[in-house]
Amino acid sequence: LYVSGNQIGDAGLQALSASPLLPNLSFLAVFKCHIGYAGMQAFAASSLFPNLTSMDVSENKIGAVGMQAMAASSLFPNLRSLDVSYNMITDAGMQAIASSTFFPNLTFLDIRGNLIREAGIQAIVSSSFLPNLVTLLRY
């Protein structure tokens, strides 16, 4: 599902999160949609997307709080590709993902353009919970 470039905001992602019409959704692109942490919290709390394998939420403002919501969600065991570039994410967001057991199949992670320092990078690259991560874009 490609809705990128539309100003759906938190309310739009919240509505999508509650929709029972997309149980087989495997790809979601919502970049440049004015989504903040509240939208990501709602999405991460949903259990309606068990087949999601690729997600692009770049160029929004989910921040560390949005990443922490994702890290605490069991929605993402099949996720292989995650683009969270340009989202005002800090080390706390990366540390949450690095310590989460819910991303065992993640192979690609784009974190460019965030507020992540060495501690956040180290958390990701040394995480035993991301055994399949082979591509990390950070610059």
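Leaving aside its neighbours within four places in sequence, which residues is Asp-110 in contact with? Before answering, keep in mind that this is a predicted model. In that model, the contacts of Asp-110 beyond its sequence neighbours are with Leu-82, Asp-83, Val-84, Ser-85 and Leu-137. Asp-110 belongs to strand β4, which covers residues 108-110, and with a relative accessible area of 2% it is buried.

Ser-54 is part of strand β2, residues 54-56, and its relative accessible area is 18%, which counts as buried because the cut-off is under 20%. If residues up to four places away in sequence are not counted, Ser-54 touches Ser-26, Phe-27, Leu-28, Leu-79 and Ser-81. Met-55, with its neighbours within four places in sequence left aside, is in contact with Leu-28, Met-40, Phe-43, Met-70, Phe-76, Leu-79, Ser-81, Leu-82 and Asp-83.

In soluble globular proteins, nonpolar side chains tend to be buried together. The largest nonpolar core here has 38 residues, and the members that touch the most other members are Phe-43, Leu-52, Met-55, Met-70, Phe-76 and Val-84. Two or more residues of this core come from each of the elements α1, α2, α3, α4 (91-98) and α5 (118-125).

For helix α2 (residues 37-45) and helix α3 (residues 63-71), the axes come within 8 Å and cross at roughly 5 degrees. Helices α2 and α3 are therefore roughly parallel to each other, since angles under 35 degrees are counted in that way. On the α2 side the meeting residues are Tyr-37, Met-40, Gln-41 and Ala-44, and on the α3 side they are Val-65, Gly-66, Ala-69 and Met-70. Sorted by class, the contact of α2 with α3 holds 6 nonpolar residues, 2 polar ones and no charged ones.

The pair formed by α4 and α5 can be described in these terms as well, with axes that come within 8 Å and cross at roughly 10 degrees. From this angle it follows that α4 and α5 are therefore roughly parallel to each other. Asp-91, Met-94, Gln-95, Ile-97 and Ala-98 of α4 make the contact with Ala-119, Gly-120, Ala-123 and Ile-124 of α5. By class, the residues in the contact of α4 with α5 are 6 nonpolar, 2 polar and 1 charged. Helix α4 is mostly covered, with 6 of its 8 residues buried, and these are Asp-91, Gly-93, Met-94, Ala-96, Ile-97 and Ala-98. The buried residues of α4 pack against α3 and α5.

The loops deserve a careful look too. Ser-58 sits in the loop between β2 and α3, and at 5% relative accessibility it counts as buried. How far apart are Ser-58 and Phe-31 in sequence and in space? They are separated by 27 residues in sequence, while their C-alpha atoms are 4.7 Å apart. Not counting residues up to four places away in sequence, Ser-58 touches Val-30, Phe-31, Lys-32, Asp-83, Val-84, Ser-85 and Asn-87.

One of those contacts, Lys-32, has its place in the loop between β1 and α2. Phi of Lys-32 is near 55 degrees, a positive value in a residue other than glycine, and Lys-32 counts as partly exposed at 44% relative accessibility. Glu-59, in the loop between β2 and α3, likewise has a positive phi, near 55 degrees, although it is not a glycine. At 38% relative accessibility, Glu-59 counts as partly exposed.

Methods:
Residues numbered from 1 in each chain as written. Predicted model: local features only at pLDDT ≥ 70, side-chain atom pairs only at ≥ 80, totals over all residues. Heavy atoms only, no water. Axes fitted to C-alpha atoms, helices over the stretch in contact; angles between N-to-C directions. Helix = DSSP H or I, 4+ residues; strand = E, 2+ residues; numbered from the N terminus. Parallel < 35°, antiparallel > 145°, perpendicular 65-115°, else oblique. Contact = heavy atoms within 4.5 Å. Nonpolar A, V, L, I, M, F, W, Y, C, P; charged D, E, K, R; others polar. Buried < 20%, exposed > 50% of the residue type's maximum accessible area, 1.4 Å probe, protein only. Core = buried A, V, L, I, M, F, W, Y, C linked by side-chain atoms within 4.5 Å.
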